[in-house]
Amino acid sequence: MKRISLLLLFTSLTISLFAQDDWERKWGVEATIGSGSFYENKTLVNEDSYNAFEVTADYYITPRLALSAGLYLEQDGVMSNYADDIGMKSFCMFGPEVGGKFYFFPKKWMVQPYVGAMLKTNVLNLGKEKGKFGYESNKVDCSKAVVDYDIQCPAASVAPKLGIDLRLTKSVILTANMDYRIGLYGHNRSHTEVLEGYHAGNAYDIDESMVRNGYSIGLKIDLPWRKKDNGKLLKGLLDVIYFWISSKAY
């Protein structure tokens, strides 16, 4: 019963926030954070992973079609499953990106799924980087290793994606998306020998073509900002908190 009442309260809040008016979004500014894994021979592997950060702006040509542009930073790792951080070795890709989104549902709906694609250009680590290093950690399965690596980042990646916008108000949006990043050139190769730990004596060869998938979440602001969203959002959150506290008292 409590869950039903909370759902009804949230529904009424949504209706009040998204009642029809003459407001029309023109721009959107979004910041996201995410992570993902590499593919090796078309198979998703856990040895190498990456962290991703993006800041983009959308320009709405129509209520359903938007052009996107911004900057991204991708931190990639080598042998991430054996490392305490992103990997035994990390390298970065960074640059401008451009693309677009197409939304399916009417603009008054709270949930807005979309399909899109981005072209991510890269200005870092374009030359081939090869070397060898020793790795030590306090992990019981691999406390000491030697890694040979051969890395070359792509100059560009094509990234089709699926996403969803969840509107808190007309102006404030929670976002989530998944993409499939296809490096147009480059590779990520490594040979790792585990010297100490439970996996001592094992060797791992990785040969990846810079194809990777990822997931991200973020916050987006659609512009122009509606001043009346301030009061509606605050009142709605206070109503939810009050109801939750009241339900715990009984």
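The side chain of aspartate 58 makes a polar contact with the side chain of lysine 101, at 3.0 Å. A polar contact here is a pair of N or O atoms within 3.5 Å; within protein, one must be able to donate a hydrogen and the other to accept it, and residues adjacent in sequence count only if both atoms are side-chain atoms. A second polar contact, of 2.8 Å, links the side chains of aspartate 58 and lysine 220.

A quick word on the source: this is a predicted model, where local features need pLDDT of at least 70 and side-chain atom pairs count only at pLDDT 80 or more, while totals for chains, interfaces and linings use all residues. Residues are numbered from 1 along each chain as its sequence is written, and side-chain values use heavy atoms, with hydrogens and water left out.

Back to aspartate 58, which sits in strand β2 (residues 43-60). Is aspartate 58 buried or exposed? Aspartate 58 counts as buried because its relative accessibility is 1%; buried means under 20% relative accessible area, exposed over 50%, and partly exposed in between (1.4 Å probe, protein chains only). If you skip its neighbours within four places in sequence, its contacts (heavy atoms within 4.5 Å) include Trp27, Glu30 and Ser68.

Now for the cysteines. With a disulfide taken as a pair of cysteine sulfur atoms within 2.5 Å, the count is 0. Cysteine 92 is in no disulfide, and the nearest cysteine sulfur is that of cysteine 153.

| Cysteine | Relative accessible area | Class |
|---|---|---|
| Cysteine 92 | 26% | partly exposed |
| Cysteine 153 | 2% | buried |

Next, take a look at strand β5 (residues 111-121), where the side chains alternate. Two strands pair if DSSP finds at least two bridges between them. Methionine 118 in β5 stands opposite glycine 99, and its bridge partner in β8 is alanine 159.

Zooming out, the protein chain has 2 helices and 12 strands; these are DSSP runs numbered from the N terminus (helices H or I, at least four residues; strands E, at least two). Of its 250 residues, 42% count as buried.
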